[in-house]
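Have the viewer open and follow along.

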Amino acid sequence: MRLTIDDVRSRFIKHFDGTTGNVYASPGRINLIGEHTDYNNGFVFPGAVTQGMIAEIKPNGTRNVNAYSIDLKDKVTFSLDDPKGPSASWARYIFGVCREMMELGVPVEGFNTAFAGDVPLGAGMSSSAALESCFAYALNDLWGENKIEKMELARVGQRTEHKYVGCNCGIMDQFASVHGKAGSLMRLDCRSGEFEYFPWNPQGYKLVLVNSCVKHTLAGSPYNDRRLSCERVAAVIAKHHAEVETLRDANYEMLEEVKPEVSEEDYKRAKYVIGEVDRVLKVCDALEAGDYETVGKMMYETHYGLSKEYEVSCEELDFLNDIAKEEGVTGSRIMGGGFGGCTINLVADELYENFVTVVKKKFAEKYGKEPIIIDVVIGDGSRKLC
Ligand code: GLA
């Protein structure tokens, strides 16, 4: 069942004073290719999905925010002026966004809010970025005269993750949630912030997510360690090549040169990233040429790298990837930060039905429950619904 405005509005009316406010939405995202490249200043290639967060918000004339999570059936009140903020982890996302918007000079005031989402949690589809972007967009509309530009709204969400949640993420998820456009993927250069919309309408193929339902959380996870590995290697390469700031600027030859100076583990991590930055560009070229075989091949290469070099896969995701390969799926790989969540699969139309049946059956035989199949529809970014 898809989430509607009414699902949120009915709860807002029930849990507050019976009046209504403004309603905003912000989506989750997929990423065709370019994983763990964003914080290395490389390229990513995401698109927003039609699942997301919806929040109803109404100023309440105080300095307090009263927030109701419809999905968790939990209500939290926090003061905008208390730098400590709430302890409930879901409320810290909203608190962080409020504080960061205030830092930018937006005169945020107290409000009541109820919100819900239909992005599966921990699936690697960025439910948390959807939440952050929804509130950043809303606060900009309610108190910021929409003066803060979209990329800065995305950065508000990113800083919230860094400062209030503990995940040193890149910009991809919040970028995609804010800038999404129905029917288009976006290639973002994470260094310059420049991006381009790529119409996504593959003839003869579908994109489908297979959710292993292995839950992941990136906060305080090995995610931050991966980032540190990349930074360490980039710093060593920079000693020999002053032009290298991040792994985006490095190549395999440079990496080989510093191999004796970095740990074996850091070497593997960097090797994956250098390859992945290049794969994004290859996929863009292949898409322009209508060459889906190459797109798919790159996706499998990414999976291999994420599993064996970057080591952010898990048994279930590797199993899903193996099934995709056996069934002749054009491309398949882990999507998002890893450690659980979904694979993203580029499947030829004629193989689709069979792939879905087989992947459900084989996964259930091995792990006792069916994975969840999600057909990807590329949707719009953050917006006001009413
Ligand atoms: C998470 C992070 C992103 C990005 C991906 C991996 O989703 O939030 O910034 O690093 O992992 O590509």
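Helices (H or I, at least four residues) and strands (E, at least two) are DSSP runs, numbered from the N terminus. With that in hand, Thr343 turns up in strand β11, which covers residues 342–348. A bit of housekeeping: this is a predicted model, where local features need pLDDT of at least 70, side-chain atom pairs count only at pLDDT 80 or more, and totals for chains, interfaces and linings use all residues. Residues are numbered from 1 along each chain as its sequence is written, and side-chain values use heavy atoms, with hydrogens and water left out.

Back to Thr343. Its relative accessible area is 1%, so Thr343 is buried (under 20% is buried, over 50% exposed, and anything in between partly exposed, using a 1.4 Å probe and protein chains only). Its side chain makes a polar contact with the side chain of Asn345 at 3.1 Å. Polar contact here is a pair of N or O atoms within 3.5 Å; within protein, one must be able to donate a hydrogen and the other to accept it, and residues adjacent in sequence count only if both atoms are side-chain atoms. Contact in general means heavy atoms within 4.5 Å. Leaving aside neighbours within four places in sequence, Thr343 has contacts that include Val208, Leu209, Val210, Leu317 and Ile334.

His303 sits in helix α9 (residues 292–309). His303 counts as buried because its relative accessibility is 4%. Not counting residues up to four places away in sequence, His303 touches Ser313, Leu317, Asp318, Asn321, Ser332, Arg333 and Ile334.

Pro83 lies in the loop between β5 (74–79) and α2 (89–103). At 58% relative accessibility, Pro83 counts as exposed. Beyond its neighbours within four places in sequence, Pro83 is in contact with Phe95 and Arg99.

Now the ligand. There are 13 residues around it, and Glu35, His36, Asp38, Asp173 and Tyr223 come nearest (a residue counts if one of its heavy atoms lies within 4 Å).

| Residue | Distance to ligand oxygen |
|---|---|
| Arg29 | 3.1 Å |
| Glu35 | 2.7 Å |
| Asp173 | 2.7 Å |

On its own the ligand has 300 Å² of accessible area, and the protein covers 96% of that (Shrake-Rupley method, 1.4 Å probe).
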